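Colleague: Before I use any of the labels on this one, I'd like to hear where they come from. Can you take me through them?

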Amino acid sequence: MPASGAEALARILDLEQAGGYGNAAVIGGLDTYLRRHLDRAADQGPSSSLTRVCPSGFRYADLSRDERREWVERVRQCLGEGSAGKRSPSEVPSAKRVETVAERYTTDFPDAKRGETISGGTLESPITVLNGVGPTTAGKFARLGVRTIKDMLHFFPGRHLDYARMRTVSELEIGEEQTLIATVWKSRQVILGGRPGTEAVVGDQTGTVRVVWFNQPYLARTLAANARIALSGRVGLFKGRKVFESPEWEMLGPEDLTHTGRLVPVYPLTEGLNRRAVRKLMRQVVSEWAPRVAEFLPPEVKDHCSLMSLPEAIRQAHYPDNEQRKEEARRRLAFNEFFLIQVGLCSRKLEWQGNRATVFRADSGLLNMLERSLPFSLTPAQRRVLDEVLAGLGNPTPMCRLLQGDVGSGKTIIATVALLVVAASRHQGAFMVPTEVLAEQHFHNISKLLSKVGQPQGDEGLLLSYPSVPPYPFTMALLTGSLRQGEKRRVQQLVKQGDVHLVIGTHALIQKGVEFERLGLAVVDEQHRFGVLQRSALQGKGNTPHVLVMTATPIPRTLALTIYGDLDLSVIDQLPPGRVDIETRWLGPSHREKAYAFIRRAISEGRQAFVVCPLVEESEAIEATAAVAEYGRLSQDVFPDLRLGLLHGRMPGTDKEAVMRHFRDGHLDILVCTPVVEVGIDVPNAVVMLIEGAERFGLSQLHQFRGRVGRGEHKSYCILLSGTASMEGKERLRIIEQTRDGFLLAEEDLRLRGPGDFFGTQQSGFPELRMGRLSDVALLEVAREEAALLLQRDPGLRRPEHRLLSDEVAQLWRRGGQAA
């Protein structure tokens, strides 16, 4: 190696030593410097000092810090500078000098503070400690959820542009993304499309090519003749000649390429943030700060799962060497998310199950009496799930169970039997639902069921007592927010005294004034409409009650394990016989009048219909009819002689409840609504579900809408009206038209759309997944197993070696809104 090259490498090794071997002496890591110089060293023959210490496949980033220290010493010896490793402290460059390596790379933000280093502070410091980031820029990043340096390291790109394919001018291909290294021949400001822009001619040894940048006239002053430049983008044709149109560009210098010639990150932006400036800043931050990130995974977990180191994973997630390293990084970061979630969930489950619950034995006489009162026989799936629930109640370890079942599968019957078993032992049950109409519906249906056993006494709308049902009498009450204060206080007092054995209600059940004397079982219906906090609040109303949560949204196993990992799982995977078939038909916009005529015919026969619209207000971004506008149009122009009602999410709660009651009681013919109808209304007389803009919804939501009809004795129909649908949208509509199986639809929904908006609402109290995909079934299972094994060895993560992990778990769940 020439003397100048050896001296440069020696200086870099000094910086690397001073920085604690964190691979931060060169922007992008030492491997990039080595790659750039290996070919040059190879020209000197196999005896070159650099080629001897960098064999084929060598990667400095893959070494541990101890291994890096040894390698640096070997290189110094090869360079004939072994004494450099024994310099006195005054001769070794200080850490301050390492910090100023980044000073050469300034950012392009208007509020940049010059003269500061990028290295001040800690990972938890605000990003204003970074060179070039002032309060204004920090405020823009805050809109993207980035406030600290740690946030910035985890501000991962949404995708990467593949600019790694290097071409000469003669090899450039039309329409492909590619990179050209060339020399600027000339550049000038020109008018392009009526506006100022820049035109340049660049070339290499194989030819020249024209380059244009629209709306960027200032580039003409930047691109000096004879400068070396990298261009990345797509090549088009103009008048038969190849031309680069507005490519990414950067001048070639001693640093690695940032915007071209590699897998280039594409970051989320907000108004006022420039993609090049963000990319440049992120490159600095990752190079300087990623090596400082502490490894919180226990070594045995990291090694057993063959995971990349955390600092390297962060670096590769932002600026990957290639697609393989990018995926390895994603796998490591996804494992982090799954593992931390599972540790939190399993810790909560272990803590909960460390308590002791009341044991409830189901009396065979009571079960026989209840089964005889049913208007149908239990299906095998219902019997299996009932046995699982009753076994949980009969165990001193408190039950925490999720009951999944499609719309109309009989979940409420299972819950009712469990609640009556608890009541027979003179304990209390709480049944919490998301809406008042649904609470009234359950109150009415359970009272109707018990009336087959014996006639009730009391106020049918608020408080009922059954003398012939154990514990003789069995008393049930309704508790909702709209009750008058006197009624509410009366119910609360009876519950506190233990005189009410089952209380059905909304969020009112977890309000401050509600106290139970002996809460034995808490049931939460439509669990995804609540959240971890509200479920915990209901559990806290008793002394370790058993808990049963239910959802009518079929959830793929991966999603259930992720969101409800602290719960055992029961599934009713069989619909009762005799359910009315729902015919589903997908129609284009030209058949809208035909659909309206079908609704009118159904109403003339005494039936009712839903019309579902995706949005409350008109939006240019989403071409879907708003419920408010649609209600006006339908009531004035299409069905002026019929009774229409309007329901949307921005209405006051009391107004929503009133509209749903009017529709349920037959005072409205058509209910025009937004997706709030997905849960909480049971109208047996409704036989038509018309869904506008159906291509905008996921399969699971469409299936939930469809489940609002077909609940009576009349044949029912679901009409999917779509506008211009994407290929994926058309596939969804074809699948929903042909499939009734909710679990199959849920799996397809996850495959087509990913986890981002599976429920249509964000899971309250649940940490966000950034790198994990819910299609990562195998990785999630491994994370769950590793979390369980770790907590067996150290249940409270109290060992000193698990302190960092414990902190990460707590921090993740705090971000999600719920401490583990």
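Here is how the talk about the labels went.

Modeller: Keep in mind as we go that this is a predicted model.

Colleague: Fine. What makes Phe-141 and Phe-155 an edge-to-face pair?

Modeller: Two numbers. Their ring centres lie 6.2 Å apart, and rings pair if the centres are within 6.5 Å. Their planes stand at 85°, and over 60 degrees counts as edge-to-face. So the pair is edge-to-face. By this rule the count comes to eight aromatic pairs.

Colleague: And what does the pair of Phe-141 and Phe-155 tie together?

Modeller: Phe-141 sits in helix H6 (residues 135–142), while Phe-155 is in the loop between helix H7 (149–153) and strand E1 (159–162), so the pair links parts 14 residues apart in sequence.

Colleague: Which strands are the edge strands of the nine-stranded sheet?

Modeller: That open sheet goes E12-E13-E14-E15-E11-E16-E17-E10-E18, with mixed pairing. Strand E12 (457–459) and strand E18 (568–572) pair on one side only, and that makes them the edge strands. E18 is joined to strand E10 (residues 400–405) in the parallel sense over five bridges, and Leu-403 stands opposite Ser-570 in E18. Helix H14 (residues 380–393) packs on the sheet, touching E10, strand E16 (519–524), strand E17 (546–551) and E18.

Colleague: What makes E7 a partner of both E5 and E6?

Modeller: Again, at least two bridges are needed. Three bridges join strand E5 (residues 207–214) to strand E7 (residues 241–245), running parallel, and strand E6 (residues 228–238) pairs with E7 over four, in the antiparallel sense. Phe-244 of E7 is the bridge partner of Val-211, and Val-235 stands opposite Phe-244 as well. In the hairpin of E6 and E7, with two residues between the strands, Lys-239 takes a positive phi near 55°.

Colleague: Last one. Which residues lie closest to the centre of the largest pocket, and what kinds line it?

Modeller: The largest pocket holds about 1,300 Å³ of space. Of its 38 lining residues, Phe-376, Gly-408, Asn-445, Asp-682 and Arg-711 are the closest to the centre. The lining divides into 13 nonpolar, 13 polar and twelve charged residues. Gly counts as polar under that scheme. Helix H16 (436–450) and helix H15 (411–424) each supply at least two lining residues, and the largest share, nine residues, comes from H16.

Key:
Residues are numbered from 1 along each chain as its sequence is written. This is a predicted model: local features need pLDDT of at least 70, side-chain atom pairs count only at pLDDT 80 or more; totals for chains, interfaces and linings use all residues. Side-chain values use heavy atoms; hydrogens and water are left out. On a 1 Å grid over the protein atoms alone, a cavity is a set of points where a 1.4 Å probe fits but cannot get out, and a pocket is an open set with protein on both sides within 12 Å along at least five of seven lines; lining residues have an atom within 4 Å of a point. Grid points are joined across faces, edges and corners, and a volume is the space filled by probe spheres set on the points. Rings of Phe, Tyr and Trp (its six-membered ring) pair if their centres lie within 6.5 Å; planes under 30 degrees apart count as stacked, over 60 as edge-to-face and the rest as tilted. Contact means heavy atoms within 4.5 Å. Axes are lines fitted to C-alpha atoms, for helices over the stretch in contact, and angles run from 0 to 180 degrees between N-to-C directions.
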